[in-house]
Amino acid sequence: MEAKSKRPAPKSHKTYRDQFISKDFIECSKPLGLEASHSILWGLISKTPGLSEKVIALAELKEKQECPECQKSYYAICYRHMRCVLDQEMVPRVELPLEMLVYRHSMELISKSSAVPLSFLSPQVKIQTFPEDVEEIRKVVRQEGTWILYPHASARSVEELSEKERGEVRRLVAIDCTWHQTKAMLESLSENKKDALTDPSLRFFKLGKEYLTTYWRFQYNGPSCLSSVEAIYYAVKELFPELDGAEGLLFFYVAQFCKMYAEKSESEKVGRNKNYFMAGRVKTETKTKAEGPAPDQPTPASDPNEDSK
C-alpha cells in the first residue's frame, strides 16, 4: 500500500504587516529619530528672527486658554469653532505671495491635521472639506494659475516651469488626508472619476528635491512622504526662495514636536522602561510581574503609573 501523503502543516497566522510588508521595507520606512528631526526643525525656524522664542513659549505653555465661543479650555486651538485661543503676540504672522487652499478629508480628525492650523498663521490660507465642498473645489482647481500640490505622474517641479509660469502661480491646492485616501480625493476633482487623473485642465506641482519627513506618526510609504505642513512649507520655499518669514508656517507643528520631545526626554530621566516609537502613538510598556509581596511584608505604596524595576 502506498503511504498516504501528509497534509501540509497549517500556516501560522500572519498579520497584514507580516504578509505584505517586508522587514527591510519597514526599516527603511521609519521616520527620522527624534534627535535628527529636532535638529532639522530647529535649523529651519532659526532662519526667522524671534520665531524660536515663540515656539518655546508655546511648547512650555502649561495653562489652557478659554474659548469665548464655548467657554471650554484649550492649549492653542478650539477646532469646534475654529478659533485660536492664544494671545495674538504669541502667534507669528505669515504673508504669502499666493493663496493656499487646504483640501482636507472630513473623515480625518481635524485636530490631527498639520495643515489646518496654517489658517491661523496666514490670511492667505483657506480650508475646504471633502466631500462637502466638492463642487466648489472643482471650479477652483481649473482656474488659471492654480496648481495641485501632489506628486502625480504628470506633475512638474519648479525647475520644469518657465519663468512666465512661475510668475503666474496664483494658488496652490494641498491635499490633506492619509495617503490611502488621496485617490478618492483626486477623483473627486472631476465629474467622471476615470478622467480625474488624466484631465488636462488639472495642473499638478511636485517638489523638486527629496526631503525627509520629521513627522512622528508611523506610515508605510517611506521617510520621503512628508506631512501636509512640511510639503506646503517646502513648496512655498521652492517657488519663492527669497520669501522671508515662511518658516512661521511651521510654528504650531514645531511647537507640538518640541512639547512631545520634552515629554520623551523627561520620561527617560525618571527611568521609565518604555519604548516610545517616535515618542507618540505606538508605545510598549513592560508588564509588571504578577507577584504578590513576600510573606510577612507590608504591601508597598506604589504609583500606578510607575513601572516595576
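Strand 7 (146–149) and strand 8 (171–176) run parallel and are joined by 4 bridges, and one of the residue pairs involved is L149 with its bridge partner A174 in strand 8. Strands and helices are here DSSP runs, numbered from the N terminus, where a strand (E) has at least two residues and a helix (H or I) at least four. This is a predicted model, in which local features need pLDDT of at least 70 and side-chain atom pairs count only at pLDDT 80 or more, while totals for chains, interfaces and linings use all residues. Residues are numbered from 1 along each chain as its sequence is written, and side-chain values use heavy atoms, with hydrogens and water left out.

The two strands belong to an open sheet of 5 strands, arranged in the order 6-5-8-7-9 with parallel pairing; two strands count as paired if DSSP finds at least two bridges between them. At the edges are strand 6 (125–130) and strand 9 (204–205), each of which pairs on one side only. Strands of a sheet pair through backbone hydrogen bonds, either parallel or antiparallel. Helix 9 lies across strand 5, strand 7, strand 8 and strand 9, and it runs at about 160 degrees to strand 8, where axes are lines fitted to C-alpha atoms (for helices over the stretch in contact) and angles run from 0 to 180 degrees between N-to-C directions.

From the sheet and its helices we can turn to the nonpolar cores. A nonpolar core is a set of buried Ala, Val, Leu, Ile, Met, Phe, Trp, Tyr and Cys residues joined through side-chain atoms within 4.5 Å, and buried means under 20% relative accessible area, with exposed over 50% and partly exposed in between (1.4 Å probe, protein chains only). The largest nonpolar core has 59 residues, of which L96, F205, I232, V236 and F252 touch the most other members. Among the elements that each supply at least two residues of this core are helix 3 (34–45), strand 5 (99–105), helix 9 (228–239) and helix 10 (251–269), and helix 10 gives the most, with 9 residues. A second, separate core has 18 residues, including I175, C177, M185 and L202. Returning to F252, and leaving out residues up to four places away in sequence, its contacts (heavy atoms within 4.5 Å) include L58, A76, I77, F120 and L121.

Helix 4 shows how burial can be arranged around a helix. Its buried residues include L51, S52, V55, L58 and A59. Seen down the axis of helix 4, the buried residues fall within an arc of 125 degrees, so they line one face of the helix; the arc is that of the directions from the helix axis to the C-beta atoms.

Y261, in helix 10, is buried at 17% relative accessibility, and beyond its neighbours up to four places away in sequence it touches L34, E35 and H38. The C-alpha atoms of Y261 and A59 are separated by 9.7 Å, although these residues are 202 residues apart along the chain. E230, which lies in helix 9, is buried at 3% relative accessibility, and its contacts, leaving aside neighbours within four places in sequence, are L212, T213, T214, Y215 and Y253.

Side chains of opposite charge can pair when their charged atoms come close. A salt bridge is a side-chain nitrogen of Lys or Arg within 4 Å of a carboxyl oxygen of Asp or Glu, and a search of the whole structure finds 6 of them. In one, the side chains of R83 and E69 meet at 3.4 Å, N to O. R83 lies in strand 4 (residues 83–84) and E69 in the loop between strand 1 (65–66) and strand 2 (73–74), so the pair ties together parts that are 14 residues apart in sequence. R83 is partly exposed, with a relative accessible area of 33%, and E69 also counts as partly exposed, at 45%.

Another salt bridge joins E247 to K237, with the closest N and O atoms 3.8 Å apart. E247 lies in the loop between helix 9 and helix 10 and K237 in helix 9, so this pair ties together parts that are 10 residues apart in sequence. E247 counts as buried at 3% relative accessibility, and K237 counts as buried at 19%. E247 is also touched by T48, a residue in the loop between helix 3 and helix 4.
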